[in-house]
Amino acid sequence: MPQTLLNATVIASDNYVAFTFFIGTMAMMAASVFFFFELNNTDKKWRTSLLVSGLITFIAAVHYYYMRGYNLETGESPTFFRYVDWILTVPLMCVEFYLITKKVGATQGLLWKLIFASLVMLVTGYIGEAIYGTETQSWVWGAISGVAYFYIVYLIWFGDVAKLAGSAGPAVAKANKVLAWFVLVGWAIYPLGYILGTQGGLFGMQLVTDPKAAQASMDIVYNIADAINKIGFGLVIYALSRSEEKA
Ligand SMILES: *C/C=C(C)/C=C/C=C(C)/C=C/C1=C(C)CCCC1(C)C
């Protein structure tokens with residue numbers, strides 16, 4: 001059988017990139033089924049939040065299914081669809097912060113601040129990766145993206161989101177703390193992937209010199225980060241929807 005045909009149908013045992021795309025697809029699908037099925041026995045006031053959790057993993061599942069095939073058949077990094085996925089799902093994660101603090105006064109203005117910052121973060125990251133990824137100045141775009149990222153961290157840890165969550169009762173305050181840790185630590189995995197995968201990622205320095213290896217390490221890091229963050233976020237919301245129940 002010609003090698004190309006084999007590549008298109010079989011995940012080689014040492015192809016960790018395709019393997020993590022495959023596992024990512026499965027995990028996102030399973031998480032979506034779980035969140036959607038749990039909607040029925042969820043208190044009404046948490047239903048929208050849990051629905052959004054399911055939408056986040058469902059959107060990711062569809063993108064992962066596509067990216068898995070794309071990567072397997074071309075051997076390339078599916079950069080464009082990676083960012084399409086993020087541009088849909090990261091704003092939805094911002095919506096989660098809005099939804100859990102809405103009852104204590106979160107405004108749509110705050111929601112738009114979060115969404116706008118996330119779009120700046122992702123659009124500049126995409127420019128750095130897709131247009132300047134093979135050039136030294138890719139770090140500049142990564143740095144701008146980082147500023148927007150830290151603004152989100154600020155809003156959630158010390159800004160309006162933190163203040164509102166603090167006044168919303170112990171369950172919401174606790175959920176916000178855990179989500180804040182996800183944003184500070186879990187989301188920080190992404191710039192690591194960017195540093196590994198772009199030519200000038202670390203302030204003009206390139207860590208992985210072989211272009212194929214750079215792409216591969218970036219995809220693996222992004223895939224792991226997505227599983228942790230998207231499913232993790234959903235589970236925090238799920239836990240919140242249960243904790244109130246007992247109280
Ligand atoms: C489900 C997808 C999520 C939570 C994606 C999050 C992505 C980021 C936090 C990306 C951040 C980046 C930087 C802070 C700098 C370098 C460029 C990015 C876009 C990788």
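Author: In this predicted model, 17 residues surround the ligand, and the closest are Met121, Ser145, Tyr190, Asp226 and Lys230; a residue is taken as near a molecule if one of its heavy atoms lies within 4 Å of it. The protein covers 99% of the 530 Å² of accessible area that the ligand has on its own, where accessible areas come from the Shrake-Rupley method with a 1.4 Å probe and, for residues, only the protein chains shown count as cover.

As the model is predicted, local features need pLDDT of at least 70 and side-chain atom pairs count only at pLDDT 80 or more, while totals for chains, interfaces and linings use all residues. Residues are numbered from 1 along each chain as its sequence is written, and side-chain values use heavy atoms, with hydrogens and water left out.

The ligand sits in the largest pocket. A pocket is defined on a 1 Å grid over the protein atoms alone, as an open set of points with protein on both sides within 12 Å along at least five of seven lines, whereas a cavity is a set of points where a 1.4 Å probe fits but cannot get out; lining residues have an atom within 4 Å of a point. A molecule is said to sit in a pocket or cavity if more than half of its atoms lie within 2 Å of its grid points.

The elements that give two or more residues to the shell around the ligand are helices H4 (79-101), H5 (108-131), H6 (138-157), H9 (189-197) and H10 (211-246), with helices (H or I, at least four residues) and strands (E, at least two) being DSSP runs numbered from the N terminus. The largest share of this shell, five residues, comes from H4. By class, the shell has eleven nonpolar, four polar and two charged residues, where Ala, Val, Leu, Ile, Met, Phe, Trp, Tyr, Cys and Pro count as nonpolar, Asp, Glu, Lys and Arg as charged, and the others, Gly among them, as polar.

Turning to the chain as a whole, the protein has ten helices and zero strands, and its C-alpha trace spans about 60 × 40 × 20 Å along the principal axes. With 247 residues, a compact globule would have a radius of gyration near 18 Å, and the 19 Å of this chain agrees with that; the radius is taken over C-alpha atoms, and the globule rule is 2.2 Å times the number of residues to the power 0.38. Of the 247 residues, 47% count as buried, which means under 20% relative accessible area, with exposed over 50% and partly exposed in between (1.4 Å probe, protein chains only).

Ile87 is found in helix H4 and counts as partly exposed because its relative accessibility is 33%; its C-alpha atom is separated by 9.7 Å from that of Ile115, 28 residues apart along the chain. Pro191, in helix H9, is partly exposed with a relative accessible area of 37%. Phe203 is placed in the loop between H9 and H10, counts as exposed at 63% relative accessibility, and has a phi near 45°, a positive value in a residue other than glycine.
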